[in-house]
Amino acid sequence: MNGKVLRSDRAGGIWKDALRRFCANRIAVISLAVFLLICLSCALAPWLTKYSYTAINVHNTLAKPSAEHWLGTDNLGRDILTRTLYGGRMTLRIAFASTVTALIIGSVIGLAAGYFGGRFDFLISPVMDIVASIPVILLALVFEAALGWGRGNFMYAIAIAAIPQFARLVHVCAASVMGSEYIQAARALGVGPFGIISRHIIHNVAPALIVRFTGALAESMLTCTVLGYLSIGINPPTPEWGNIIYHARNYIRLAPHLMIIPCAAISLTGISVSLAGDGLRDALDPRGELPAARGLTAGFLSLFKRRGAAN
Amino acid sequence: MRLKVARYIIKRTLLFIPAILVILFILYTLIYFLPGSRMAMMPISRGGDALDSLFTSISAPDNFFTKFVRYIYNIIAHRDFGRSTPSSAGLMSDIAYRIKNTLLLLLTGVGATIIVGVPLGIYAALRKGRAADRVVSVITVFLSALPPYTVAIVLAIVICVRLSLLPVTHVASDPKAYILPTVTIALGGIASVARMARSSMLEVLEQPYITALRSKGLPERSVILKHALKNAMIPVISALGGLIAQLLCGTFVVENFFMVPGLGSFMLNSLSVRDHFEILGCAVILIIILMCMNLVSDILYGFVNPKIRLRYAEKPARRKRKEAAG
């Protein structure tokens with residue numbers, strides 16, 4: 001009982017410190033707020049706009065922004081604000097779903113490889129290398145061909161392509177924690193693998209994982225819109241930021257706002273996620289110690305360092 | 001020394017073959033088991049070769065595994081990646097010139113990324129915390145958040161339409177037509193390469209051996225260019241394979257936008273007519289090419305980083321020591 005209170009105190013302390021540091025970083029707080037605002041307005045799209053994203057109006061096409069249509073209308077007279085919000089809903093949903101799936105599967109693989117090591121490690125690392133070397137676009141094409149086209153099956157491809165970075169990160173962190181004395185002490189006290197993983201390893205891996213998650217989220221959002229642009233992704237009339245831009249590009253000289261608005265939405269989301277991620281990294285890792293805080297490369301580097309030390 | 005390098009290269013190459021087989025198996029399985037696939041219905045055989053007669057002689061059933069083995073055999077023995085449905089010729093002859101275009105774009109894109117990204121990152125690292133560093137970091141954040149097609153559209157409008165400096169669509173004979181596609185592909189990669197180069201350069205500059213060199217009185221120029229640069233490049237080279245895979249996405253977008261007859265536009269077309277043979281064949285060809293590039297970058301990595309080489313040469317060295325002791 002007593003031990004539990006102490007532990008939660010300490011854990012709260014670390015996270016509280018990080019929160020304080022994060023709040024002191026003005027750019028990071030603003031970008032996190034912008035990102036949350038975008039997510040919220042996309043999620044609440046049905047309540048925010050009175051139009052349907054498929055309602056066409058041939059008498060009012062390519063209209064300039066007005067009181068009726070805040071951001072104008074597209075080539076079929078559909079409200080651009082509505083389509084952008086619903087498009088963001090689709091894009092962000094795919095990005096979140098695929099990144100969270102990759103996070104969970106990658107963490108399990110990485111934890112298993114880091115904790116059990118040995119033969120499992122030997123099997124997992126090359127498999128992750130192989131998966132990482134398959135371009136996401138080829139994987140998406142094959143998934144779309146195999147499971148049906150235009151129904152969002154490319155999501156699996158995005159998730160699979162993102163698994164190796166999480167697996168490597170968790171693997172590196174877990175392996176470095178496993179080498180420390182307090183894990184030996186815990187083992188000597190008879191704590192089982194699940195106890196060690198849930199009490200010690202997850203606490204050490206979580207900060208790096210959160211930072212990597214923001215980076216992967218931005219990447220999978222961009223991939224989703226690129227696939228939408230190439231018409232591999234979601235089929236129209238369902239809006240998705242990528243396919244909105246693809247269909248708007250024919251009207252670029254007549255009505256540039258058709259394309260600028262979804263482009264701005266994508267860029268704003270991407271920039272706010274990466275700036276918030278940078279802020280999180282600085283807050284969670286003030287001394288720059290996390291192996292993966294600086295992306296995949298540092299993960300590689302620390303893997304290599306650990307092996308060098310063992311030799 | 002030379003023996004070690006040779007051993008490293010051989011081991012790397014031997015690891016590369018099962019990797020390709022595993023990927024082929026995964027892709028083949030995915031395509032094979034899709035509902036309504038023609039793959040399961042059509043026999044893959046060329047007729048009259050050794051493997052074919054072997055299969056008929058042992059009267060193997062025409063199931064998934066025998067088909068997979070034949071597919072692999074046809075690729076290895078005849079460079080036959082299956083055939084596309086509309087044309088009677090093999091897939092390879094259909095796409096030979098398309099592969100050239102795609103690879104040319106991809107390689108110029110990767111080259112431009114490295115030529116611009118690495119110096120940018122190193123410059124930022126040397127000016128750490130100053131205005132130049134901040135400018136570079138702002139540029140990289142913006143570049144990494146911009147989707148490649150946006151960049152392509154803006155560049156095409158400004159440079160091709162308003163200023164009419166370069167052709168908008170692809171002209172095979174005109175080298176100027178490659179400028180905009182290359183820039184578009186490279187812009188996405190420059191951000192990640194610059195960031196990577198910056199962080200690894202900063203890491204190297206903190207090492208004690210750099211302090212030692214500086215205190216010895218070496219000019220800063222040679223400390224950076226001769227001693228720090230080589231070690232700072234190790235992570236960049238190790239991430240080269242990932243970079244190529246990442247830029248392939250941009251290459252497909254560029255092919256689509258600038259109307260380059262490449263593999264990307266071909267695959268998108270075959271997806272829309274549901275030609276699974278073509279998709280599988282193109283994916284297999286591209287993956288083999290990309291894995292070969294990965295192999296080259298891995299070997300390069302071994303040349304730059306002696307520790308990797310040593311690790312691969314460890315066991316034989318131990319054996320020699322034992323022999324000497326015995």
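Trainee: Which residues does B:Val253 touch, leaving out those up to four places away in sequence?
Mentor: Keep in mind that this is a predicted model. From chain A, B:Val253 touches A:Val226, A:Tyr229 and A:Leu230. In chain B, B:Val253 touches B:Pro148, B:Tyr149 and B:Ala152.

Trainee: And what's in the largest nonpolar core?
Mentor: That core has 160 residues. B:Val253 is among those that touch the most other members, along with A:Leu139, A:Ala140, A:Leu141, A:Val142 and B:Ala283. Helix H7 of chain A, residues 154-178, gives the largest share of this core, 18 residues.

Trainee: OK, on to the contact between the chains. How many residues does each chain put in?
Mentor: Chain A gives 43 residues and chain B gives 45. On the chain A side, H6(A) supplies the largest share, with 10 residues. The residues on that side split into 31 nonpolar, nine polar and three charged.

Trainee: New topic: how do H9(B) and H12(B) pack?
Mentor: Their axes are 9 Å apart, at an angle of about 160°. Angles over 145 degrees count as roughly antiparallel, so that is what H9(B) and H12(B) are to each other. H9(B) passes H12(B) in a left-handed crossing.

Trainee: Which residues meet there?
Mentor: H9(B) brings B:Lys230, B:Met233, B:Ile234, B:Ile237 and B:Ser238, while H12(B) brings B:Ser297, B:Leu300, B:Tyr301 and B:Val304. Six of the residues in that contact are nonpolar, two polar and one charged.

Technical notes. Residues are numbered from 1 along each chain as its sequence is written. Chains are lettered from A and ligands numbered from 1 in the order in which they are written. This is a predicted model: local features need pLDDT of at least 70, side-chain atom pairs count only at pLDDT 80 or more; totals for chains, interfaces and linings use all residues. Axes are lines fitted to C-alpha atoms, for helices over the stretch in contact, and angles run from 0 to 180 degrees between N-to-C directions. Helices (H or I, at least four residues) and strands (E, at least two) are DSSP runs, numbered from the N terminus. Angles under 35 degrees count as roughly parallel, over 145 as roughly antiparallel, 65 to 115 as roughly perpendicular and the rest as oblique. A crossing is left-handed if the near helix is turned anticlockwise from the far one by less than a right angle, and right-handed if clockwise. Two residues are in contact if their C-beta atoms, placed from the backbone, lie within 7 Å. Ala, Val, Leu, Ile, Met, Phe, Trp, Tyr, Cys and Pro count as nonpolar, Asp, Glu, Lys and Arg as charged, and the others, Gly among them, as polar. A nonpolar core is a set of buried Ala, Val, Leu, Ile, Met, Phe, Trp, Tyr and Cys residues joined through C-beta atoms within 7 Å. A residue is buried if 20 or more other C-beta atoms lie within 10 Å of its own, exposed if 12 or fewer, and partly exposed in between; C-beta atoms are placed from the backbone.
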